[in-house]
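Hi everyone, thanks for making time today.

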Amino acid sequence: MVMSMGYAILDWGTYNALGSIKNAILLGMRLTEIPPRIFSRRKVDEKYFREYKKACKGIFTTITAHAPYYSLTSRDPSTLKDTERAMKSAIKLANIAGAEIFNMHIGSALDDRDKAIEQASDIIKKLLKESKDIMISLETTYSPKFLGSLDDIKAIIESVNSDRVIISLQLDNDFIRELEIYKNANFNLANSKATVDFWMNLFKRAIKLTRNYFSIRFSQVIGMYLRKRFFVKKRVPLGRGYPDINPLAKAIAQFIYREIYEKELPMEVHIIYTGPTETKFRDTVMLTSSIVSEVAQLL
């Protein structure tokens, strides 16, 4: 909700297909996100998304949507056309469902980063024309092989030149990218550097790339090298991976309370848990509880 006295300090929740919304409601979640896989199912039509909106009405304060996993960049022009067509369809359906935000992975950095940024910006400009109100959030990534660093997202926002394009921090990706874990997979060393100050610095840089919404996504992760060349990450249940939750929860609480809430910035704060489906409800509650408990120390 808007960060002024009398409103909740954050909206929290996880991704839900239509069938699992009832569980999120039971737990008192304030936010729900349409998962990317829904937009890729051939049997899902506009009726599904109208029903999604109806199921959420008067219960959730926020509906967000995660775009399908199509790269906005490619060396093949025909692939870009297919991506553009699929993304236009997805953002229209997200709009029908009442989503305020359409969140996207950007895609490969290609061999020419500037050209990749240009390609991504071109598609985003076209998507903005498909809806007058919905905002597009660009999700941070974990490796320079992809577009999604803060500098990449800043360049795209400047290229698109629209107030409706913002950043969304996927904090496990930021942890891996900023501490360069993708180079050596040394999670233990990086974890010792992921202090409250580390996270606060990240948030201060990111808030310059958004308006109306401060969007945070998180899951703990582990990672490894495949064939000693390709670093991959894997999301794991809360408590079984990296980074440690304690300094992160402290930093989130301090930042949103002191830098947003107390300063009465006109900005909604979203906490979206993105971990494994099997434990997502338990973990969403645990993550939010950790953050809110730290906020309580500041009251």
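This is a predicted model: local features need pLDDT of at least 70, side-chain atom pairs count only at pLDDT 80 or more; totals for chains, interfaces and linings use all residues.

In which helix is Ser121 found? It's found in helix α5, residues 113-128.

Residues are numbered from 1 along each chain as its sequence is written, and side-chain values use heavy atoms, with hydrogens and water left out.

Back to Ser121: buried or exposed? Ser121 is buried, because its relative accessibility is 1%. Our cut-offs are under 20% relative accessible area for buried, over 50% for exposed and partly exposed in between, with a 1.4 Å probe and protein chains only. Leaving out neighbours within four places in sequence, Ser121 is in contact with Ile156, Ser159 and Val160. Contact here means heavy atoms within 4.5 Å.

That takes us to helix α6, residues 150-160. Its buried residues are Leu150, Asp152, Ile153, Ile156, Ile157 and Val160. As a reminder, an α-helix has 3.6 residues a turn, so residues three or four places apart point the same way. On the other side of α6, Asp151 and Glu158 are exposed. And what do the buried residues of α6 pack against? Their partners are α5, β6, β7, β8 (165-170), α7 (171-178) and α9 (196-206).

Just after α6 comes Asn161, with a positive phi of about 60°. Most residues other than glycine have a negative phi, and most peptide bonds are trans. Asn161 sits in the loop between α6 and β8, and it counts as exposed because its relative accessibility is 67%. Glu180 is another non-glycine with a positive phi, about 55°. You'll find Glu180 in the loop between α7 and α8 (187-193), partly exposed at a relative accessible area of 35%. While we're on backbone geometry, the peptide bond from Tyr242 to Pro243 is cis, with omega near -5°. Pro243 has its place in the loop between β11 (230-235) and α10.

Now for the strands. How many of them close into a barrel? Eight do, in the order β1-β2-β3-β4-β6-β8-β9-β12, and the pairing is parallel. Two strands pair if DSSP finds at least two bridges between them. From one strand to the next, the twist averages 30°. Take β1 (residues 11-15) and β2 (residues 31-34): they pair in the parallel sense over three bridges. Within that, Tyr15 has Glu33 in β2 as its bridge partner. Helix α6 packs on the sheet too, touching β6 and β8, and its direction makes about 165° with that of β8. Helix α9 also packs on the sheet, touching β8 and β9 (213-218), and its direction makes about 165° with that of β8. For those angles, axes are lines fitted to C-alpha atoms, for helices over the stretch in contact, and the angles run from 0 to 180 degrees between N-to-C directions.

Last topic: aromatic rings. How many aromatic pairs does a search of the whole structure find? It finds 14. Rings of Phe, Tyr and Trp (its six-membered ring) pair if their centres lie within 6.5 Å; planes under 30 degrees apart are stacked, over 60 edge-to-face and the rest tilted. Phe198 and Trp199 make an edge-to-face pair, 4.9 Å centre to centre with 75° between the planes. Phe198 is buried at 15% relative accessibility, and Trp199 is buried at 0% relative accessible area. For Tyr257 and Tyr261, the ring centres are 5.6 Å apart and the planes are at 25°, so that pair is stacked. Both tyrosines lie in helix α10 (residues 245-261), four residues apart, about one turn of the helix. Finally, ring pairs link Tyr142, Phe146, Phe175, Phe187, Tyr225, Phe231 and Tyr242 into a cluster.

Definitions and conventions:
Helices (H or I, at least four residues) and strands (E, at least two) are DSSP runs, numbered from the N terminus.
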